[in-house]
Amino acid sequence: MEYRIERDTMGEVKVPADKYWGAQTERSRNNFKIGNEKMPIELVRAFAYVKQAAAKVNYDLGDLSEVKKNAIVKICGEILEGTLDEHFPLVVWQTGSGTQSNMNVNEVVANKGNEWLKENGESEILHPNDDVNKAQSSNDTFPTAMHIAAFMEVAEKLVPAIKALRDTFDTKEKEFWDVVKIGRTHLQDATPLTLGQEISGWKAMLDKDLAMIEESSQKLLNLALGGTAVGTGINTKKEFPGLSAKQIAADTGYPFVTSDNKFHALTSHNEIVYAHGALKALAADLMKIANDVRWLASGPRSGIGEIAIPENEPGSSIMPGKVNPTQSEALTMIATQIVGNDATIGFAASQGNFELNVFKPVIIYNFLQTVKLLTEGIHSFNDNCAVGITANEDKIKENVERSLMLVTALNPHIGYEKAAKIAKTAFKDNSTLKEAALKLEFLTEDEFKAWVDPANMVNK
């Protein structure tokens, strides 16, 4: 491998000749050979919005030349297009402020920008700290990039996925609205409802989750940029925070604003904790939905078997013909991971000491992993399972007719105690409710037919 020599305040460093990063990135690469978890590329692209906006504002304020501004904006555009992804190699497990990732971006923008400047005959040279990082600190740029990345990933990827699954359930709700089935509470038989009503509950969960996610995500629109080292805004002009937030809003199309208290913005991540709490609520509901689906589809001959789901792949290496509810299994595993991510985010966010929280990389890594897993897990579950749900109406009818809890309809006519005796007698004798009711002489056959009609028990 060919190398070039880069320099920083600590001396010379050998850097791969074909990479645009510089000395500080290389030091981090060598000093933190920990794990496989790379700094999310979504965060890197959020940094590009930060550097691009800062360059534009610094130019407007007379603190950066037009040539340098244009070079920074040009390279940030390339980062946003994804053409420079290979130049961001750092792992999550590094300094807790994310300083080295901030410098990774600064160095790539400067080195690539200087290459572009030279090609265009310009004599000015970009410096990673003095120009690309002008009026900034890692302590305010990293949390700013955290919020930008978190908000945009939720808005552009997760929200559409939730809406797609929600719409599938809306279709299934209407399709099965009149299919009367037995309800279950405590995993025991309960009174009837329709399959459509049951699915409407799943749809309502997603509606509420979506509302909570969109509401909590609004907190992520507050940006720390302009607080610099400890929140005082040292080395910035007073106009910089507001103007940079406006520029980021213009560049992204989302209404980002400058945080009203930069001391809070650097040391607390309660806004991310709050937003992730809504994601955990979604995960909890998805766990319930996926479990309902696999229970209702259990069988094919010895389970509940009231619905059928698509058969996507062989389910066993030893049992021929076996097919498993694999999409439910994947989604429930994702839910457990997200609960763990939430614990990590919550604990890490509690570790802000004095003016800075130094658990930022692990917080944003887990947040973005949650969004990615939810987005892709929901799409997979929807496309490979939910859209293919069908009702096994013969099995549903059989289960309704055999259920003892239809006796609940008799409560207003003969009272709870007599109704309970009918149910217990039917269970003991392995008879039907009607047979038990007639045996006990609590009502006539015509009365039973009139009062015990599952279709009249669902309040559609």
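**Exercises on a predicted model**

Cys 385 is buried, its relative accessible area being 3% (buried means under 20% relative accessible area, exposed over 50%, partly exposed in between, with a 1.4 Å probe and protein chains only). This is a predicted model, in which local features need pLDDT of at least 70 and side-chain atom pairs count only at pLDDT 80 or more, while totals for chains, interfaces and linings use all residues. Residues are numbered from 1 along each chain as its sequence is written, and side-chain values use heavy atoms, with hydrogens and water left out.

**Exercise 1.** State how many disulfides the structure holds, and classify Cys 76 by accessibility.

*Solution.* 
- Apply the criterion: a disulfide is a pair of cysteine sulfur atoms within 2.5 Å.
- The structure holds zero disulfides.
- Cys 76 has a relative accessible area of 0%, so Cys 76 is buried.

**Exercise 2.** Describe how helices α10 and α11 are arranged.

*Solution.* 
- Two packed helices are described by the angle between their axes and the distance between the axes.
- Locate the elements: α10 covers residues 270–296 and α11 covers residues 326–349. Helices (H or I, at least four residues) and strands (E, at least two) are DSSP runs, numbered from the N terminus.
- The two axes come within 8 Å and cross at roughly 160°. Axes are lines fitted to C-alpha atoms, for helices over the stretch in contact, and angles run from 0 to 180 degrees between N-to-C directions.
- α10 and α11 are therefore roughly antiparallel (angles over 145 degrees; under 35 is roughly parallel, 65 to 115 roughly perpendicular, the rest oblique).
- Their crossing is left-handed, meaning that the near helix is turned anticlockwise from the far one by less than a right angle.
- The residues of the contact comprise 14 nonpolar, eight polar and four charged (nonpolar: Ala, Val, Leu, Ile, Met, Phe, Trp, Tyr, Cys and Pro; charged: Asp, Glu, Lys and Arg; polar: the others, Gly among them).
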